[in-house]
Amino acid sequence: MEITTQILLNLLIAFVYMLLTESWNVVVFAIGYAMGFVIIFLMRRFFPVPFYGRKIIAIVKLFMLFIVELFKSTVVVALLVTRPKLNIQPGIFRSETILKTDLEITLLSALMTLTPGSVIMEIDPRAGVMFIHAMDASDYRNNITKTMRKFENAIIEVMR
């Protein structure tokens, strides 16, 4: 029994609730889904896999982390670009990743590339190495590495 079974069971509970109330609208469905969510949470010890609400929370945390990092890096890049004298030193550096699967590495590289100031140029998935181009390599290396570690931890929480 997988997590998808829990989701399907929750949907079934929501539809049964809609049938019992004889009202077919989104609000009644949402109430039924919330009730099913609570029922499945209370019955979580009877399932062989962890409660699927944990994955939802992990996905929301990853999304919020991305939004925060996107905002922070956008502000930093905007401040660097709007200076009267552009004082940056672009560069490429090598960084290792702890992620193993192709999906995890792809998600990390997409999240890192979407944040301004850094671009993943090349990936060696066997060695777990990424080559990253930074807009200002002197200052960004530590910041990008910290951001990358935060993303890696959040991706591991979502995927495993």
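Modeller: Strands β1 (residues 91-96) and β3 (residues 129-134) pair in the antiparallel sense over 6 bridges. Strands here are DSSP runs of E with at least two residues, helices are runs of H or I with at least four, and both are numbered from the N terminus. Two strands pair if DSSP finds at least two bridges between them. In general, strands of a sheet pair through backbone hydrogen bonds, either parallel or antiparallel.

This is a predicted model, in which local features need pLDDT of at least 70, side-chain atom pairs count only at pLDDT 80 or more, and totals for chains, interfaces and linings use all residues. Residues are numbered from 1 along each chain as its sequence is written, and side-chain values use heavy atoms, with hydrogens and water left out.

Look at single residues next. Glu96 has Val129 of β3 as its bridge partner. The strand β1 has two faces: Gly91, Phe93 and Ser95 lie on the covered one, while Ile92, Arg94 and Glu96 lie on the uncovered one.

Now the other pairing. β2 and β3 are joined by 6 bridges and also run antiparallel. Here Glu122 stands opposite Phe131 of β3.

Contact means heavy atoms within 4.5 Å.

α4 covers residues 102-114, which is 13 residues. From first C-alpha to last, α4 reaches 18 Å, close to the 18 Å expected at 1.5 Å a residue. That expected span is 1.5 Å times one less than the number of residues.

Which residues of α4 are buried? They are Glu104, Ile105, Leu108, Ser109, Leu111 and Met112. These residues cover an arc of only 165° around the axis, which puts them on the same side of α4. The arc is that of the directions from the helix axis to the C-beta atoms. An α-helix has 3.6 residues a turn, so residues three or four places apart point the same way. Turned away from the buried side is a face with the exposed residues Asp102, Leu103 and Leu114. Buried means under 20% relative accessible area, exposed over 50%, and partly exposed in between (1.4 Å probe, protein chains only).

Take Ser109 as an example from α4. Ser109 counts as buried because its relative accessibility is 12%. Leaving out residues up to four places away in sequence, Ser109 touches Ile120, Ile123 and Met130.

Finally, step back to the protein around this part. There are 5 helices and 3 strands. Along the sequence, the pattern reads α-α-α-β-α-β-β-α. Of the 160 residues, 32% count as buried. Among contacts between residues at least 6 apart in sequence, 67% join residues at least 24 apart.
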